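Student: I have the sequence and the model open. Can we go through it together?
Tutor: Go ahead and ask.

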Amino acid sequence: MEPITAVVLGAGSRGEIYAGYALRHPEELKIVAVAEPRPDRLKQLADAHGIAPENRFSSWEDLLARPKMADAAFICTLDDMHAAPALKALEKGYHILLEKPMSNTEEECRAIEAAARKADRVMAVCHVLRYTPFYRTIKALVDAGEIGEVCAAAQIENVGYWHQAHSFVRGNWRSSRETSPMLLQKSCHDMDILLWLVGKDCRRVSSFGSLRHFSADNAPAGAPERCLDGCPHSETCPYYAPKIYLTGKTDWPVDVLTTDLTESGIRRALEEGPYGRCVYRCDNDVVDRQVVNLEFEGGAVASFVMTAFTADFSRQLKLLGTAGQIQADMGTKEIILHRFGEEVRQIPLLDDGEKSGHGGGDYGLVRDFLTVVREGGESRSSARASLQSHLICFAAERARLSHTVEELRL
Ligand SMILES: NC(=O)c1ccc[n+]([C@@H]2O[C@H](COP(=O)([O-])OP(=O)(O)OC[C@H]3O[C@@H](n4cnc5c(N)ncnc54)[C@H](O)[C@@H]3O)[C@@H](O)[C@H]2O)c1
């Protein structure tokens, strides 16, 4: 079997993870070209995959200006740079693995879905949760009718205090103007999973939420602009940057700061880069808490809470049907099924035997994508299947800002 070939657009965190599948499974996937403007990241990914010098590009535009070079394109640029490369790559005939959100505008999400439908190419949106053993096990219980008809769901996303600070206060997704509102960025996964489990279209959405904590008003007295500028609160502040980044670990999130992962390299990044800033003195505007309520066709309802203020970093779900309930914790990997009138059962996770990020979802997604490219069919997280979760996020954001209930226009 010849491996599927792919080009990577954006050799940041996600690009490196998906490309990493090729290093573990060279018989299934080969990375043949990469586009990335940061020279250190370009070299790191290209060297790891033995990519020829003429196949290293400094932008996706340059790579996609060439005749088609591979079977598939992995689009791993930031949120506002998804639609243009996705539409161009479809036009060139690539199958596409597209990072979420599909785009940060509703119009572009609809345009991508329409183009994918017309192009007769595989498009998988990176809704990694659908590929995790955890959610696949729950979906299998629902599909087998174990809880009857789903009536209600409650999911909580525990973002984790330091993860919020890393990504949504200091980092890439701190500004809804520059990237996306937090719900679209972080929780389109949750909207997608709720839709998948309920199995009905969403009809109405309401939402509340705000940014309250990570602002200048809450800066402790005397806190400087940067943690390393002699902050007097270094002992007590949980967000003091060295506590998060100078721990001896060099994998995510530390590898987001720099490719020089020596102690002095990381320290330099904290002195000069965005991740060393005081969390109360950043240019962030995305929420640090949000709730979304959903009503589905046929009357099922769901509520979702996302909060920065958690020690853990996981999701919990309660799924309630006419014949029973499922209580599940992605952190502890516990799934408890209680069919009414029967004994409570602990359900073992379906296991594909491969460990990867996002509870096994990262490589599960790539594996499924390669299978569909090879054998035909539609990805489990196709543009068609993924569009509605994005439409919910746009509607919820309008509802949050206007304090209204939004009807979903599908
Ligand atoms: N599926 C998930 O669970 C998940 C998790 C995290 C992030 N994401 C999404 O993945 C995407 C990438 O996130 P990331 O954490 O890898 O960010 P990142 O900043 O690490 O990577 C993005 C890369 O794109 C590069 N880039 C910028 N302009 C470019 C151009 N013209 N051509 C080619 N590359 C260019 C940047 O230099 C950067 O290296 C984002 O949209 C994010 O929302 C998805």
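Student: What is the bridge partner of Asn-158 in strand 10?
Tutor: The partner of Asn-158 there is Thr-307. Keep in mind that this is a predicted model.

Student: How many bridges join strand 7 to strand 10?
Tutor: Seven bridges join strand 7, residues 150–158, to strand 10, residues 301–307. The two strands run parallel.

Student: Which strands does helix 8 touch when it packs on the sheet?
Tutor: Helix 8, residues 182–198, touches strand 7, strand 8 (202–210), strand 9 (289–296), strand 10 and strand 11 (314–321). The direction of helix 8 makes about 150 degrees with that of strand 7.

Student: And helix 12, which strands does that one touch?
Tutor: Helix 12, residues 383–402, packs on the sheet and touches strand 8, strand 9 and strand 15. Its direction makes about 50 degrees with that of strand 8.

Student: OK, what is the strand order in that open sheet?
Tutor: The order is 14-13-12-11-7-10-9-8-15, nine strands with mixed pairing.

Student: Which ones are the edge strands?
Tutor: Strand 14 (344–346) and strand 15 (406–407) are the edges, and each pairs on one side only.

Student: Back to helices. At what angle do the axes of helix 6 and helix 8 cross?
Tutor: They cross at roughly 25 degrees, and the axes come within 9 Å. Helix 6 covers residues 133–143.

Student: Roughly parallel or roughly antiparallel, then?
Tutor: Because the crossing angle is under 35 degrees, helix 6 counts as roughly parallel to helix 8.

Student: Which residues meet there?
Tutor: From helix 6, Tyr-135, Ile-138, Lys-139 and Val-142 meet Ile-193, Trp-196 and Leu-197 of helix 8. By class, that contact has six nonpolar residues, one charged and no polar ones.

Student: How many residues of helix 7 are buried?
Tutor: Eight of the 10 residues in helix 7 (161–170) are buried, so to speak mostly covered. Among them are Tyr-161, Gln-164, His-166 and Arg-170. The buried residues of helix 7 pack against helix 8 and helix 9 (241–245).

Student: New topic. Which way do the residues of strand 4 point?
Tutor: Ala-72 and Phe-74 point one way from strand 4 (72–75), while Ala-73 and Ile-75 point the other way. All of them are buried.

Student: What does strand 4 pair with?
Tutor: Strand 4 pairs with strand 1 (residues 4–9) in the parallel sense, over four bridges. Strand 4 also pairs with strand 5 (residues 95–98) in the parallel sense, over four bridges.

Student: Which residue of strand 5 stands opposite Ile-75?
Tutor: Leu-98 of strand 5 stands opposite Ile-75. Leu-9 stands opposite Ile-75 too, and Ala-73 faces Ile-96 in strand 5.

Key. Residues numbered from 1 in each chain as written. Predicted model: local features only at pLDDT ≥ 70, side-chain atom pairs only at ≥ 80, totals over all residues. Pairing = 2+ DSSP bridges. Contact = placed C-beta atoms within 7 Å. Axes fitted to C-alpha atoms, helices over the stretch in contact; angles between N-to-C directions. Parallel < 35°, antiparallel > 145°, perpendicular 65-115°, else oblique. Nonpolar A, V, L, I, M, F, W, Y, C, P; charged D, E, K, R; others polar. Buried ≥ 20, exposed ≤ 12 C-beta atoms within 10 Å, placed from the backbone.
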